[in-house]
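Me: I have a structure to look at and would like to learn how to read it. Please take me through some of its features.

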Amino acid sequence: MMVWVASGTNITWGLSENGELWYRAGINQSVPIGTNWFKMNTNKETNIAWKMVIGEAGLLWGLDRNDKLLARRSVTLENIQG
């Protein structure tokens, strides 16, 4: 179940109850609700437990469960995971 949802240009981010970060794929004019959710692995060692996220104009901002502010540049549909 998603407890936080934030949408930007052609992308929607969601957070599950346990703090996992997800994004909605397949969003376009023909299918504005998208096709399915994909879980992001946000750290190679330990997966970050998120509290909130927001993304726009290629930037992804978020707070983890310890209120640490995290950011990533150049987030696009082509570079979603990198």
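**Reading the features**

Reply: Start with one residue. Leaving out neighbours within four places in sequence, Ser-16 is in contact (heavy atoms within 4.5 Å) with Met-1, Met-2, Val-3, Trp-22 and Arg-65. This is a predicted model, where local features need pLDDT of at least 70 and side-chain atom pairs pLDDT 80 or more, while totals for chains, interfaces and linings use all residues. Residues are numbered from 1 along each chain as its sequence is written, and side-chain values use heavy atoms, without hydrogens and water.

Me: Is Ser-16 buried or exposed?

Reply: Buried means under 20% relative accessible area, exposed over 50%, and partly exposed in between, with a 1.4 Å probe and protein chains only. Ser-16 has 8%, so Ser-16 is buried.

Me: In which strand does Ser-16 lie, and with which side chain does its side chain make a polar contact?

Reply: A strand is a DSSP run of E, at least two residues, numbered from the N terminus. Ser-16 lies in strand 2, residues 11-16. A polar contact is a pair of N or O atoms within 3.5 Å; within protein, one must be able to donate a hydrogen and the other to accept it, and residues adjacent in sequence count only if both atoms are side-chain atoms. The side chain of Ser-16 has such a contact with that of Asn-18, at 2.5 Å.

Me: How many salt bridges does a search of the whole structure find?

Reply: A salt bridge is a side-chain nitrogen of Lys or Arg within 4 Å of a carboxyl oxygen of Asp or Glu. The search finds two. In one, Lys-39 joins Glu-20, with the closest N and O atoms 3.2 Å apart. This pair links distant parts of the chain, 19 residues apart: Lys-39 is in strand 4, and Glu-20 is in the loop between strand 2 and strand 3. Lys-51 and Asp-67 also meet in a salt bridge, at 2.3 Å from N to O. Here Lys-51 belongs to strand 5 and Asp-67 to the loop between strand 6 and strand 7, 16 residues apart. Lys-51 is partly exposed at 40%, as is Asp-67 at 46%.

Me: In what order do the three strands of the open sheet run?

Reply: Strands of a sheet pair through backbone hydrogen bonds, either parallel or antiparallel. Two strands pair if DSSP finds at least two bridges between them. The order here is 5-6-7, with antiparallel pairing. Strand 5 and strand 7 each have a single partner strand, so one side of each has no neighbour in the sheet. Strand 5 and strand 6 pair over six bridges, and Trp-50 has Asp-64 in strand 6 as its bridge partner.

Methods: Helices (H or I, at least four residues) and strands (E, at least two) are DSSP runs, numbered from the N terminus.
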